Amino acid sequence: MIDPLVATFAILALAVLGFATNRIPLVIVAMFVPVALWATGVLPLGEALSGFSDPVVLFIATLFVLSEALATTGITAWIGMQLERCSTLGRTGLLATMVGGTALLAAVISINGAVAALLPVAVVAAARAGVVPSKMLIPVAFAASAGSMLTLTGTPVNVIVSELAAESGGREFGYFEFALVGLPLVLVTMLLVVTLGDRLLPERAPERLVDVAGDPHERVRSWQESYAAELDAGRLFTDSAGVVEVLIAPRSTLIGRRVSPGMTTRDENLVVVALRRATDTPSGSSSSAPLPLQAGDSVLVRGPWDALHRYTQSPDVIAVEASQSLQRSVPLGAGWKRCLGVLVAAIALLATGAVPPVVVGLLAAGALVLLRVITVPQGLRAVSWDTVILIAALIPLSAAFVSSGAADMLAELLMRFTGSASPHLALLALCALTLVLGQFISNVATVLVMAPVAVSFAQTLDVSVQPFMMALAVVGAAAFLTPIATPVNLMVLQPGGYRFGDYWRLGLPLALLFLVAAVWYVPVVWPF
């Protein structure tokens, strides 16, 4: 029988190696953990798989559904449109607005969702303001990480530390309680980005600009050139209807059918706006005369969004771009009032703490479906199953750290260097190690590993666990030094034309700021 302590550290080392090298899919690495904990006898099978039944995991899954509803109804697009108008403010004004807007949006939906929604906006706004994207996109990614500290639902890490604090003799954090440290961090992040960003960020042309699918006006301009047709984005894209471009599939039943602009499709009654032969050159190739369809021909069709979604799923056509992504680009589309009502109600329930978070999440997701804001398949597709599985699979590792004595051992080892006189030194050692580890593996994995050590510290020093948990959340958000520290850093890598070493220049002062806030400011608000 392998010693549980040795097995736990070995499993952790292998998991960290798998995450850091990125040669194996993260989900596979994560699934290795509970299987290995059971196979080595560290945990029985029920406990090794207990993460998949944890309420935290289910609550996090419901947050993805809410984020999808905000995007589908165009609320996210509307926010992006307001921010895009700030391109007239110049570099400083635009940068400050984008950073603040990204932080606030990340607090409401998610870090990944906020950056994905505002990335095209940032590129377009930067171009109109005469600013290269490399001066804008890293600040947007960093702002999302800072903004995640404004609310409980800003990032899965906040939900995890809140639950762990309650399980370890403390209490859950309130929905807006994170803003006590998050708001100062966002404001100082904005100040540092505006004052230091121009000097510390490279001025580099991007390898590839963001796809124009996020902007209907840009997409229509592209169609005008390709089809030589007069198209009006304001008329083509509304809250109830839109336009998609499809290609006729090789073995489509539509091949041979004579079609001309103004005709309707066979099943969904969509209007044909324009069509182009596959063999024609893009400019000047649009035809108004009836043409027998051939494989590879391009067709623009317009109609209700629901009909477009069904049409693009047909085996007869190949959608050039998903109709769902085009619908998301329409500001304040169908159902936005219902979606906003559900969001406000969910935030109110979470803020009062009258209902457990997981119940609030389930009620919100159910209400969005019943109110026909989104469909059940759409909600299921919106869940980032990689993230859900990662969290569920690593929760047992956190439990194994406690049961095997690994947490106490690591805490005792760190205590030898820091002594037991000052909890601030213990917190500094814990946060410094968490900060470094978080630059190479996900912050969720890092916090789940370090949380038992933090609890052991608090129990050994006989102090409150609250500052230790909040400090972990703060340094967990400081994923600023490498592009692999968090998905949003990778999102901006290619559009900004960045290289691996571009992140730490601006990221280092921000990381030190978050470390200082975690070690010295957090204990002031949440005393030992």
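Here is a short chat about a pocket and the cavities in a predicted model.

Trainee: Hi! What should I know before I start?

Mentor: This is a predicted model, where local features need pLDDT of at least 70, side-chain atom pairs count only at pLDDT 80 or more, and totals for chains, interfaces and linings use all residues. Residues are numbered from 1 along each chain as its sequence is written, and side-chain values use heavy atoms, without hydrogens and water.

Trainee: Great. What volume does the second largest pocket have?

Mentor: About 700 Å³. A pocket here is an open set of points on a 1 Å grid over the protein atoms alone, with protein on both sides within 12 Å along at least five of seven lines. Its volume is the space filled by probe spheres set on the points, which are joined across faces, edges and corners.

Trainee: And which residues lie nearest its centre?

Mentor: N112, T387, S442, T486 and P487, out of 30 lining residues; lining means having an atom within 4 Å of a point.

Trainee: Which helix gives the largest share of that lining?

Mentor: That's α4, with 4 residues. Helices are DSSP runs (H or I, at least four residues), numbered from the N terminus.

Trainee: Switching topic: how many cavities of 30 Å³ or more are there?

Mentor: There are 4. A cavity is a set of points where a 1.4 Å probe fits but cannot get out. The largest cavity has a volume of about 110 Å³.

Trainee: What lines the largest cavity?

Mentor: It has 14 lining residues, with L63, L66, T153, A346 and L350 nearest the centre. α4, α15 (336–352) and α16 (357–370) each give two or more residues to that lining.
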